[in-house]
Amino acid sequence: MRWPIALALFRRDLLEALRDRRTLVLLVAVPLLLYPMLLVATALMSGTLAQQMQEKPLKLAVWGPAPASLLKGVEGAERVEWVERRESLPEEPAREARKLLDERKATAVLALTPVPVAGAGENLVMDLYYDSGRTESGVARRRLDKVLDQVKLGAVRVRFEQAGLSPELAEPFQVKESDFRSMGMFLGVMLPYLLLMALVMSGFYPAIDVTAGEKERGTLQTLLCAPIHPLEVVLGKYGVVSLFTLGGALVNLGGMGLAFLALVGGGTVGRVHVSPGVLVAAFGALVPLAMLVSAVLIAVGVLARSFKEGQNYLTPVLLVVMVLAHGAMIPGVELTPKLALVPILNVALVLRELFTAKVAAGLYSVVFVSTLAWAVAGVLFAARVFESEQVLLSGEKPWRDIFGRKVRRGDHFSPGGALLYFAIILVGSIFLGVLLWNRVPLWAVLALTQVGVFGVPAVLWVRRSGADVREIFSLRLPTLRGALAIALLVPAVFGVQVLLRKSMGTVSMPGAEEFLRLMELLMKQSASWPLPLALAVVALAPAVCEELAFRGVMLAGLARTGSRTVAVVGSALAFGIVHVHPIHALIAATVGLLLGHATLRTRSLLAGVFLHFVNNATAVLGARAGAEPAWMDSWQVALALCVPGVVALWLLRGEEPTPEGEPGGVPANDASVSLGQAR
Amino acid sequence: MIEARKLTKHYGGATAVREASFSVAAGEVVGLLGPNGAGKTTLLRMLAGVLTPSEGEGLVDGASTATDAFRIKQRLGFLSGDTALSQRLTPREVLTFFGQLHQLEPAHLKRRTDELIAQFEMGAFADKPCGTLSAGQKQRANVARAFLHDPPALILDEPTTALDVLSGRFLLDAIRTARDAGKAILFSTHVMGEVDYLCDRVVLLHQGQVLDQGPIPEVCARAGVRTLTEAFLHYLPSRSA
């Protein structure tokens, strides 16, 4: 994988796409006009229609013995038109009423039947016939309700007076209504739908253009004659389509922001609130979705042999997005941890919540991370499709070529293999967590997740690859110098975490309080377990299982890029992302940098395992000891704790690191793998 | 320089190319002749490292399709009727882009681009989008693209298709110049006149199999005919039956 080549391919595809004016119009002009128009149209339509409905006369038929007070009350109401007045009921009132309504002669029919009340004259049973399928009939019913309520109240007041009671007693409370829902809710459910569709449409034509279009024009064939890897081709194209989908999302959000902030005071319409903060959060949720959509668009697009065929192939993708995005418009569908795992629908729900209410940082993170996991899986699938010569050369039975290919030994320890492994454990950890949550005790959730998602799969992954388990997992003792460095890193790991926590307090990071509350809850719960159990599930299991996964499989795979920096940073980022909550992810990723660096330099996984265990075990013991000592919460102490870390890093510089490109004894990939040989 | 060793390609149950073997030496032009559907394009794609052989191997300048198709692409210039140019890019941009893919130094790439634009007389249209160019102009740009990294071997699959006489002759002369510069050239065509004008030897391919190969007079003699066209027709009807 050579980044300059991928960049050259990206630039070429981008230049071509930008020279297609249709794409630019669709990407920029439409969103900038769409939202102001939508907002104005919504305001006009909701106002005008509601007014028109209110102004239409209530065409009323009244059958049966109506008391004078009722007739007077109805006649006194505005815009009431008598259609029919009968003193007696017809034989089949329901059938007759339906006929009148169907023939549009009446918008409501009232049938009155007197019912004697012992010693107190008679009451009236009123059958109200209307057609809720017709807006004007529904409006008539609501207007009639109000009139009848007034008439009924008048009758009760008379009866109270006759009984010697104060008429005021007839109305113990008054309801004053203020409806903010109609326009706000309409926008609240429409905006996410429009945004998702705009995002997909922004990438739709560029994706066809750089895949099927390129095949049809014969330029893909030309490209394949050049010394390039399929992964470089797919990354270049993926970059362009992602740029368009993300650009589409950004321009749409910009258009929406401009429309709301310029046309509406404070960016609030009914229950919908659009502020810069909301727009940033919405864009954050759309980033992984754009990555996922782009991967699917190019993977499916390249199966087609012509632009027209590409449109046919991608239309079902568009329909799937439409259906899932539509889910957020269904009343009663709320964002739950389970729905947070469903791609597209989860983002649509998050957007709806963002525009109409507040989203919990934890749930937002689950949506972000799960969509990211789907996106990684999508990118890997796209890469696999692009490795198929049957697909690229428009051959027959491309599916057999895509799914029938065996993974070569050693592929697990390629950067792509590391990403695939990460996607699997990410999806696994989220799904298992949601599945087990509240069904088994917390300690069991932790233990099962650690062993079932991180530990066992890591070992199986290495064994299946045929690589040397001892080498991949760096199962060796560190040198004395390395061991000293590891010991000095212990306070530094704490120091870094205190620094991060204090920094978060200074800049008031969103979700920080929620994170601290969750951690406090976990530690309180762990304090109620027997100490050996708490240490086993909170300290030992993560120290072993997560280290096997991140400083073992991930580090080894990413080191195949030939860069130790990429390996350490990549595995640390993966370690952070799997912790889901943004604050937890930030802390974990930072600590992961230290653990990865120490493991790579000492060539011993024990470095990571030891530091991880000491960190978590201290948290467990601290929770049992009660509140954290006040002196821990100071910048000076945090910085002092970091000082030994500087010495540790100096000591580690003297260690002989794992050779670049050869972690764990797996020889580096030969860069010269052809399209055919990549099979 | 270019060698096919029992190259075979199966697609499901069908065999597109069966055990094709021949070679092209440096400073030689070999014509690959065969009717439509003979397997010429599949064979050339395998030799270019674009398609993986089911059996056998191809060699280009010592690199094997079995183990080193990537290096083949570095050492080979490939041109076929299917290898088109980006419609929205100019010939100069196309050359720059492919130079980057071949990892040519920027200064060298610029020099080489200017040199090819001059050599193929593309100055008048080098900065116009390829989509606006004539077939002949596009093919000149495409040949320049194949020559860009100065490869020791060239595979040209029906490069004169759809060209007028002048453009065709211009291209054939460029191929002769490349041969004189010591490049090994495998040249596929339907036009027998081009073969007579250009090729030192020919390989006759039909239904995926090599029927005969050698210098044109020898092939004609073995078929008992006087011209290459007659030799071609001599082999094909009996094999098609």
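I began by noting that two strands pair if DSSP finds at least two bridges between them, and that strands (E, at least two residues) and helices (H or I, at least four) are DSSP runs, numbered from the N terminus. With that in hand I looked up P114(A), whose bridge partner in β4(A) is L124(A).

I noted that this is a predicted model, in which local features need pLDDT of at least 70, side-chain atom pairs count only at pLDDT 80 or more, and totals for chains, interfaces and linings use all residues. Residues are numbered from 1 along each chain as its sequence is written, while chains are lettered from A and ligands numbered from 1 in the order in which they are written.

**The sheet in chain A**

I then followed strand β3 (residues 108-116) of chain A, which is joined to β4(A) by eight bridges, the two strands running antiparallel. The sheet is open and has four strands in the order β2-β1-β3-β4 (chain A), with mixed pairing. Its edge strands are β2 (80-86) and β4 (122-129) of chain A, each of which pairs on one side only. From one strand to the next, I found that the twist averages 25°.

**Helices across the sheet**

I looked next at what lies across β1 (58-63), β3 and β4 of chain A, and found helix α4 (residues 93-102), which runs at about 160° to β3(A). Helix α5 (residues 135-162) of chain A also lies across β1, β3 and β4, running at about 35° to β3(A). For these angles, axes are lines fitted to C-alpha atoms, for helices over the stretch in contact, and angles run from 0 to 180 degrees between N-to-C directions; contact requires the C-beta atoms of two residues, placed from the backbone, to lie within 7 Å.

**Helix α9 of chain A**

I checked helix α9 (residues 276-301) of chain A, where 19 of the 26 residues are buried (20 or more other C-beta atoms within 10 Å of a residue's own, all placed from the backbone). α9(A) bends by about 30° at V287(A), with a proline, P288(A), following within four residues; the bend is the angle between axes fitted to the seven residues ending there and the seven starting there.

**Where chain B touches chain A**

Finally I turned to the contact between the chains, which takes 27 residues from chain B and 28 residues from chain A. On the side of chain B that touches chain A, the largest share, five residues, comes from α2(B). I also noted that chain B has nine helices and 10 strands, and that buried residues make up 51% of its 241 residues.

Conventions
A residue is buried if 20 or more other C-beta atoms lie within 10 Å of its own, exposed if 12 or fewer, and partly exposed in between; C-beta atoms are placed from the backbone.
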